[in-house]
Amino acid sequence: MPALWIAHVTVTDPDAYGKYAELAGPAIAKHGGHFIARGGRFVQLEGKERPRNVVARFPSVEAAVECYNSIEYQRALDHARDASERELMVVEISED
């Protein structure tokens, strides 16, 4: 079943985070992911607000987790760790 990769991000160092974004996009695409939303308008109804929200669709939960653990994505993540505060989850899409 397909899955969504959902990230909520507060960028603290735009230059370093920009390098993350340059590297993360190709890593996500390599694992079958494509972006549905990146930093667009949003309304926070509950919980902690993060000004950047990203949603990517993957063929499966396993593909999304494989992407996260890949060498390419981990290289990208090295630039985001000290440049942002983030939450990231993968959620399977139900076909109801």
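1. From the N terminus on, the elements of the protein chain follow the order β-α-β-β-α-α-β, that is, three helices and four strands. Helices (H or I, at least four residues) and strands (E, at least two) are DSSP runs, numbered from the N terminus. The model is predicted: local features need pLDDT of at least 70, side-chain atom pairs count only at pLDDT 80 or more, and totals for chains, interfaces and linings use all residues. Residues are numbered from 1 along each chain as its sequence is written, and side-chain values use heavy atoms, with hydrogens and water left out.

2. The C-alpha trace of the protein chain spans about 40 × 35 × 15 Å along its principal axes. Of the 96 residues, 32% count as buried (under 20% relative accessible area, 1.4 Å probe, protein chains only).

3. Among contacts (heavy atoms within 4.5 Å) with a separation of 6 or more, 76% come from residues 24 or more positions apart.

4. Asn53 lies in strand 3, residues 52-58. Asn53 has a relative accessible area of 15%, so this residue is buried. Leaving aside neighbours within four places in sequence, Asn53 is in contact with Ala7, His8, Ala37, Arg38, Gly39 and Phe42.

5. The side chains of Asn53 and His8 are joined by a polar contact of 2.7 Å. The term covers a pair of N or O atoms within 3.5 Å; within protein, one must be able to donate a hydrogen and the other to accept it, and residues adjacent in sequence count only if both atoms are side-chain atoms. The Asn53 side chain also reaches the backbone oxygen of Arg50, at 3.1 Å.

How values were computed: Buried < 20%, exposed > 50% of the residue type's maximum accessible area, 1.4 Å probe, protein only.
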